[in-house]
Structure formats: C-alpha cells, structure tokens
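Please work through the exercises below with the sequence and the coordinates at hand, and try each task before reading its solution.

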Number of protein chains: 2
Amino acid sequence: MLVVQKYGGSSLADSERMRHVAKVITDTYKRGADVVVVLSAQGDTTDELEAKALELNPKPSRREMDALLSCGESISIALMAMAIEAAGCPAISLTGRQAGISTDSSHTNARIKRIDTERMRRELEKRHIVLVAGFQGVNRFDDVTTLGRGGSNTSAVAVAAALGADLCQNFTDVDGVYTADPRIVPSARKLAEITYDEMLELASLGANVLQNRSVEMAKRFNVPLEVLSSFTPDVPGTLVKEMLTVENIQVSGVARDNNTARLSLVRLQDKPGVAAKVFSLLAREKINVDIILQSIGRDDTKDISFTVGAKCLDRAREVLTENREAIGFSELLIADNISKVSAVGAGMVNNPGVAARMFEALSAAGINIQMISTSEIKVSVLVDREDSDRAVRVIHEAFFG
Amino acid sequence: MLVVQKYGGSSLADSERMRHVAKVITDTYKRGADVVVVLSAQGDTTDELEAKALELNPKPSRREMDALLSCGESISIALMAMAIEAAGCPAISLTGRQAGISTDSSHTNARIKRIDTERMRRELEKRHIVLVAGFQGVNRFDDVTTLGRGGSNTSAVAVAAALGADLCQNFTDVDGVYTADPRIVPSARKLAEITYDEMLELASLGANVLQNRSVEMAKRFNVPLEVLSSFTPDVPGTLVKEMLTVENIQVSGVARDNNTARLSLVRLQDKPGVAAKVFSLLAREKINVDIILQSIGRDDTKDISFTVGAKCLDRAREVLTENREAIGFSELLIADNISKVSAVGAGMVNNPGVAARMFEALSAAGINIQMISTSEIKVSVLVDREDSDRAVRVIHEAFFG
C-alpha cells in the first residue's frame, strides 16, 4: 500500500502542529504503508517572503519570485523530516527537483511535464518516509519554478499518479466535502464519496476544498483522492473517485460563490460577429468569462450579460469601455453584489426535474433569479448576494431536507 | 575586470541595508566590471531556522540541517536579485548547485571539490550580475551540503579562484585589517596590505576578520583578497596577497585570543610514549591542541602543559581524568582565565630581535608570561586575561609606537 499525503500551511503553522502532523504520518507508516508526503510552506511563510520581495521591488521578475517563494516549502520538508526522525521513524526531504518534478518554464504558474520517480522509489525501498516540497519543480534550464495557487495539491496528485499510489490523502482544515457549507446550512451532511466531475463543479463553484487543477489531474490519471482533516485524521473524509454506476443521488452538493460580478452590454447591434468581438477582447486580456446570457434580438439590437471573477471586473470594464466604438453598445451595466449558487450532482443528467425543483424552491422563498446556467451535472443561478445564504439553505432543503 | 564580492549577514539584515548593498554592487557593475556576488543569509535567519529545528528535534540529522539552513542563503540571493533589478541592472540568482559548486558529503562541514563555472560564465556573458548563494553546495547524491562556519567566505574565494577573478572583495562590518583591535588600541593603524600567511596567523589568533579556510584557499589559488566595509565601500580596505619582496615591516599586527584554556598534567612519568598517549587521546576526541610546553624531566617525572579552545576544555578534562591510570600523572591543573596575545609579521623570520622586544615590553609593564610559542611569522604568549588588554597595548606600542 502506497499512500501520498498532502498537508497545507495551516496544518504546519507551528512546532506543535508540526509534531501533530508528524504523528499522523508516522502512524500511517507504522501500519505498514509506504508514505510519500507533500508539504506546503508553514503558515504565513509565503506571504511574508512575498512582502519582503515587494518591499525591495514592486515588480520582481517571476524567475526570482519562484526562487524566493519555493524556499517556504523547502523549509517545511526539512523541518518535518526532523520532526519525524524525533518520532523515531526514518525520513528524507526532497525538493521538487530532487523528487524529479520537471515543469515547463512558465514561472509562477508552471505546469508539470514529467516526474522522474527514480529517487523517490529508491528512498521508499529503504523504507524512508519521503517528504516532497509541494508547489515547486524545475524547468529545463535547471531553474526552480512554482505551480501557482494551490500548487501543492497539484504536486501531491502528480506524485501519486507518477508513483501509481493507491490513495492520495489531502489533509485540510475541513474533514470532507459537504452537501453545503455547514456554516450556512447547519444540517449539511458530509459525503462519503463523490465523482471527480462533481468535485470539479463544486470546487469551481466556491466550495473551497480542492483546487480544480488537482482534481482534473486526479481524474485524468484516475488517482483516488481523499479529503480529510489533519485535526481528526482517524475520521474518514470524502473519497473523490470515478464511479461507474452513478448512484441514485441526484444532487450531491450545493455551493455558493461570492467571487463573481456581472457585466451587461446593452443594445448591441444584432449582427454576426459582435459576441465574438466582445469575448475575444476579453480573452486577449486573459479574463475568464463564466456564465453568458444573450437576449433574443429586438429592434435590431440585443443585450449580452456575462459574469467574470470579481478580481477581473475592473480590467473587463476598462477593456470594454475602451472599445465601446468598435463593439458598438449603448450602455455598460455592472452588478458586483451578486452570488452564484449551484446544485451539483452526477445523477442530474438522468433527472430532468432537478432544475425545476431548484427554481421552485427559490421562487417559494421569494428569491429572484438573475441568470441561469446549466451543464450535465449542475444548475447554477445568479442571485443578489444578500439572498445567497438563504438560497443555499432552501435549495439544500429541497434536495436533502 | 572580473570582481567577486561577498557580503555577510549583517550587511543584509533589512530592506534598507539590502538596497544599500544593491547600490554598492550596481556601482561596481556600472564602472564596467563583471560582477559575481556571494551572499550569506540575512541577519539572524540562520539562527532562527536552527532554533526551529532544535525545537522539533534536539539532534536533527545533518543532511536535513543542511537542507534547512541553506534556505537562508537561497532567500538572500533571490531578494538581492530583485533589489538589483529595482535599481535598473540585470541580475540572476544561482543556488550553490546552479553555480556548479560540488562538495564532498560531509554534511554541515563539507569541502568544495570542484566548481563547474559554465552557468556562471554564461550569465556573465549576458552581462548579468550573478548572485551566488554562499555556504552551500551539492554532493554527488544531489543533496545540498553546507560548508560550516564562515562558509560564505570560502564560497566567495572558491568562486573567485574558479573564475580566475581579478579580485575577491570581502565586505564586512570592519573596513580592513588593523595592527591591533582598535577597541583595545585606539592608535591602531589599518594595514594597506598583508600577506596570506600573516592574515592566517591573525585570523587564527582571534582577529575576527576572515576565516582561516578562506584565506588558505585564497593563498593556494593566489586570489587577491580585499577586506573592506559595506558601510564605506569607497574607502580602500586591506589587500591580502602574496608579496614577493617582504617589506621592511617586522610586525604587521598584534592579536588577542580569549578563547583559550590551559591544562597542565603534573608529574608524568618521564619515559617515551607518554606525550604521544596524551595527545592521541585528545586527537581521537577531535580536540585541537594549540601551544604545548613540556618541562625538562626531574626525579623521573615531567610536567606537560598545553592549551585548547575554551569550548573543548570540559571534554579535554574528562578524557584525561578518565585515563588518569593509563597516562599516569599525579595532578591535573586547569587555567581558564587566560588569553593568548600574539605579534604577527612576515618580516619576523629575518629579525631575531622581535621576540625579545616583545618580552621586554611585557616585563616593563609587569605582565607575567605563562607560556611562549613561536613560529616563523609570529610570537605568542599566554598571559592572565585581566592583563591581556594591557599586553596588546604595550606590544603594539613597542612595534608601532
């Protein structure tokens, strides 16, 4: 049995937590498993290093930023190796490079290209607990790269895939994936299992458990992924895996995402190519557009509304305003006080009533739906942010109540 | 002109000092020189990392300690690259491994075996300022090693030797090598030049400017070494180099070392092999013995006195006491309140009167000499610690007054 475990920064914040994590690791090892551990930087280390950098240079080169920030993870693995040795088990720390993680050269947002597992395997054969620095790799110029936000999750899944691990355990500060955020819906239930696709929808919809990139990779390489808490390591978490027979469950969870804003272009000319112009302008600025809604044409004009991540709102507004003439619209409306609420479930595709049931629940609660978006495994609606908690609750009640 | 500069941790302690050092570096670069810079860890970083380690494991493995502590230098070079870029010059940071520094596998005290300069030369050809992490290298297993105390000085000299640099500038918090410690002898003068051998004697005698190892390496590869202050970079420091014609100066400096203790074995049997037994016992414990004095035998017994570093005193005492029977002595006397005061000068070998002049000066001041040791370029005496400041002053007065 080969297990890859990943611990985030908050699980490593101080010596006491480090020792606690060391115990969780050595307990796994003592049960006979081969253990590879991927670690993030401790607590606020990354933020502190970044602040130091910006104090010296408001626009540091991305190569040097990678060289700097990767030190946080390198420190974590060496300290954890010491904590594990103090607990009486053999351990060895490996940087991304030593673990054989090759990436492309997109500094601060690199993609893993290949993992040469030779060194990791050699250490595992010696029955060492192998501690791998998350978030980092090395490009073909022998320079350190980092994988961007949530990079340690990606490292963990990639290492698990490369080693053919039986399980990749992602230890976080929540003990699994819930049918809704328990802070909003106290009756929310923890899911024992969930498919990769459902997890992808839930992650992108603001259920902040796993990053999309790591789930996509887990899906591609069929790595079973468990989300569980480092504070209660013996409580089973949620297992993310491919399920051949979709269960009877129509909806597996309700998610809410506040990180969204809506833009509406009013009275666009209703002719071919207008939408293409708008969205290619945004794409050129690397602004990700989420839900798009286009009205039926009337009086030779139409309206296009779409949502973007809240962070991109200002840039999107700029780009559109600058190109007002070229695009040809009469007004740009902005709504930034909105939320996206979604019901996700692999069973949905065979249950056409899901969307209707969701809309009814919202309607009964007097919550106005601003936009709707659906896919095979989710239904998302845009509502006023002040209604969003209530929306999550009534939808959850409709499916799980 | 290729210059290697080395900056210690106190010159890098905060953003303000980092910016100041960045300016010293870019000024050198703008004058047209190719510049390679070797950096230590910032301020107390190394101590802080070490404290974290010891909190988790009082006896951490040396491999992991190297992996951990080397991060301090890696952080320095990335930050300095950013500071230099902010000052408008191109820079690139290279870890010990990236700079091609191969060492043996003695973790925490590794020796440099080879430097592959290919990457550094390539970056210099692009007119990059090359920032190399001091103190660290990599062994043949691809694991990070560190070079021990003062390792960054060693890195700097080794890099200068490998690149055939015209000059290796060691920026410290003193602006050169003085004829005596200016805190003890206010009239002490800064030396414009000094030979490697003189510097070696002064360094080992407690003039804390350069580590022996780096001076030895500079001598072996004939690297001109300048000691100067990062606070007054335009004031010429002291140049350490080989001088073919030894100048007229008999004595180049007076040093004082408080880090010493004397042990005396009283009434040893006066037969062959006794001294060998004593010193091989100490050598086995890796205790370095400095001055040795053996009395002339009397009544079939003799006394042996010797000095060791203050840190080794307890272990030396233990070893000797445990082996009292085997060695055969009647009493072990300890003096730990002593200092070694030395006059150093390459001109001494041709001037037999130096020792006499030194002893006369001490005698006139009523200072008792406990032990004497001489070499071709130095005379050292052991005196009570309370007399040591006065001893430095009267000797300095005798030669430089």
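Predicted model: local features only at pLDDT ≥ 70, side-chain atom pairs only at ≥ 80, totals over all residues.

**Exercise 1.** Determine the strand order of the open sheet of four strands in chain A, and identify its edge strands.

*Solution.* The edge strands are then β13 (253–257) and β19 (371–375) of chain A, since each of them pairs on one side only.

**Exercise 2.** Describe how β19 of chain A is joined to β20 of chain A.

*Solution.* The two strands run antiparallel, and five bridges join β19(A) to β20(A), which spans residues 378–384. For one residue pair, M371(A) has L382(A) in β20(A) as its bridge partner.

**Exercise 3.** Find which strands the helices α11 and α12 of chain A lie across.

*Solution.* Helix α11(A), residues 353–364, lies across β18 (338–344), β19 and β20 of chain A, and runs at about 20 degrees to β20(A). Helix α12(A), residues 388–400, lies across β13, β18 and β20 of chain A, and runs at about 15 degrees to β18(A).

**Exercise 4.** Characterise the side of chain B that touches chain A.

*Solution.* The contact takes 27 residues from chain B and 27 residues from chain A. On the chain B side, α1 (15–30), α2 (45–56) and α3 (62–86) each supply at least two residues, and the largest share, 13 residues, comes from α3(B). Sorted by class, this side of chain B has 15 nonpolar, six polar and six charged residues.

Key: Residues numbered from 1 in each chain as written. Chains lettered and ligands numbered in written order. Contact = placed C-beta atoms within 7 Å. Axes fitted to C-alpha atoms, helices over the stretch in contact; angles between N-to-C directions. Nonpolar A, V, L, I, M, F, W, Y, C, P; charged D, E, K, R; others polar.
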